Amino acid sequence: AVMNFRRKSTVGWSIGNILLDLTGGVLNFGQMGVQSIDQHTLVNFYGNIGKTLLSLETVFFDVLFIIQHYVLYPVKRDENDSEYPVLPVQVKDGKDGTAV
């Protein structure tokens, strides 16, 4: 999240893994909720605090990455080529290999 903020871009990594991770965190909460309803107690949430806190952390960071990817730093498209995102390119002058 910090590197995305510094670069102001999310180009170069896949959002698919983040969406799968978010699905896992939400389903984990669902599992604990169903078990709590079945057992008529909330011990599934506070009895295994490590699992609950890990799920909360996972969902928090996944939502942060999704906001960065879709809201804050959406992929900019070149109007001439709609297939690939615009990437920063350094042009070298060829004499000494330094960037222009």
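Accessible areas here come from the Shrake-Rupley method with a 1.4 Å probe, and for residues only the protein chains shown count as cover. By that method the chain exposes about 7700 Å², with carbon and sulfur atoms supplying 64% of it.

Welcome to this predicted model, in which local features need pLDDT of at least 70 and side-chain atom pairs count only at pLDDT 80 or more, while totals for chains, interfaces and linings use all residues. Residues are numbered from 1 along each chain as its sequence is written, and side-chain values use heavy atoms, leaving out hydrogens and water.

The chain has four helices and zero strands; helices (H or I, at least four residues) and strands (E, at least two) are DSSP runs, numbered from the N terminus. Of its 100 residues, 22% count as buried, meaning under 20% relative accessible area, with exposed over 50% and partly exposed in between (1.4 Å probe, protein chains only).

Let us look at helix H2.

| Feature of H2 | Value |
|---|---|
| Residues | 15–39, 25 residues |
| First to last C-alpha | 36 Å |
| Expected at 1.5 Å a residue | 36 Å |

The expected span is 1.5 Å times one less than the number of residues. Buried residues of H2 include Ile 15, Leu 22, Gly 25 and Met 32, and their cover includes helix H3 (43–46) and helix H4 (49–72). Just after H2, His 40 takes a positive phi of about 55°.

Leu 19 also lies in H2. Is Leu 19 buried or partly exposed? Leu 19 counts as partly exposed because its relative accessibility is 35%.

Technical notes: Contact = heavy atoms within 4.5 Å.
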